[in-house]
Amino acid sequence: MIYVVAALIKKNEDFLIAQRARGELKGFWEFPGGKIEADETQEEAIIREIEEELGIIVTPQRVIKTFNYKYSFAKIKLTLIKCSFDNTQKINLVDSHADYEWVNTSATNTNFAPLDQKMFEYLKGKI
C-alpha cells in the first residue's frame, strides 16, 4: 500500500488540477500531491509536495476524505486535503507536471487518472 496526499486548492469556484508529465499515469490529470514520507504527517507531506511540484505554499485546512484504489502497478490510499493559498503566488511547474488548469465540477472532458476521477465524482455537489 502506498500512502499519498492530494490537495484540493480552490480559487473562487474553480480548483487546481495538474497533468502528469511522466510515469504510469503520464498524460492524465490529477489533484496535485504525492507520497507521504516515513517521518511526515499528512499535513507536512501536502505542504512539501505542493511546494516541490507547483512552487507555491499551501495551508492545509481539513481532510475531505480518504480514498482507496488498486491500480495494476500499486495499491493507493489517498487522503484529499482542502488547502488554501495566497493566489498572488505564481505556479511554477517542475518536471512532474506538464500543465495545470483551473476547473470546476461541471468539467466534462477532463482525462482524469482513475482515482482522481473517483475523487472528482465525489466532489460534485459538495464544493
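**A guided reading of the predicted model**

Arg48 is buried, and Glu49 is buried as well; here buried means under 20% relative accessible area, exposed means over 50%, and partly exposed lies in between, with a 1.4 Å probe and protein chains only. The structure is a predicted model, in which local features need pLDDT of at least 70 and side-chain atom pairs count only at pLDDT 80 or more, while totals for chains, interfaces and linings use all residues. Residues are numbered from 1 along each chain as its sequence is written, and side-chain values use heavy atoms, with hydrogens and water left out.

The side chains of Arg48 and Glu49 form a salt bridge at 3.0 Å, N to O. A salt bridge is a side-chain nitrogen of Lys or Arg within 4 Å of a carboxyl oxygen of Asp or Glu. Through salt bridges that share partners, Glu37, Glu40, Arg48, Glu49 and Glu52 are joined into one network. One of these bridges pairs Glu37 with Arg48 at 3.7 Å, N to O. Glu37 lies in the loop between strand S4 (33-35) and helix H1 (42-54), and Arg48 lies in helix H1, so the pair ties together parts that are eleven residues apart in sequence. Glu37 counts as partly exposed because its relative accessibility is 40%, whereas Arg48 is buried because its relative accessible area is 16%.

The whole structure holds seven salt bridges. Another of them is formed by the side chains of Asp95 and Arg22, 3.6 Å apart, N to O. This pair links distant parts of the chain, 73 residues apart: Asp95 is in the loop between S6 and strand S7 (97-103), and Arg22 is in the loop between S2 and strand S3 (29-30). Asp95 is exposed, with a relative accessible area of 55%, and Arg22 is partly exposed at 42%.

The overall fold may be considered next. The protein chain has two helices and seven strands, which follow the pattern β-β-β-β-α-β-β-β-α along the sequence. Helices (H or I, at least four residues) and strands (E, at least two) are DSSP runs, numbered from the N terminus. Of the 127 residues, 40% count as buried.

In soluble globular proteins, nonpolar side chains tend to be buried together. The largest nonpolar core here has 23 residues, of which Leu8, Phe15, Phe31, Ile76, Leu78 and Leu80 touch the most other members. Such a core is a set of buried Ala, Val, Leu, Ile, Met, Phe, Trp, Tyr and Cys residues joined through side-chain atoms within 4.5 Å. Two or more residues come from each of strand S1 (2-11), strand S2 (14-20), strand S5 (58-70), strand S6 (75-85) and helix H2 (114-123). Helix H2 gives the largest share, four residues. Apart from this core lies another, of 14 residues, including Ala7, Leu16, Ala45 and Cys83.

Asp116 also lies in helix H2. Which residues does Asp116 contact, leaving aside its neighbours within four places in sequence? They are Trp29, Glu30 and Phe31, where contact means heavy atoms within 4.5 Å. Asp116 is buried yet has no salt bridge, and the nearest side chain of opposite charge, Arg20, is 8.1 Å away; Lys and Arg count as positive and Asp and Glu as negative, with His and the chain ends not counted. A polar atom of the Asp116 side chain does, however, lie 2.8 Å from the backbone nitrogen of Phe31.

Conventions: A polar contact is a pair of N or O atoms within 3.5 Å; within protein, one must be able to donate a hydrogen and the other to accept it, and residues adjacent in sequence count only if both atoms are side-chain atoms.
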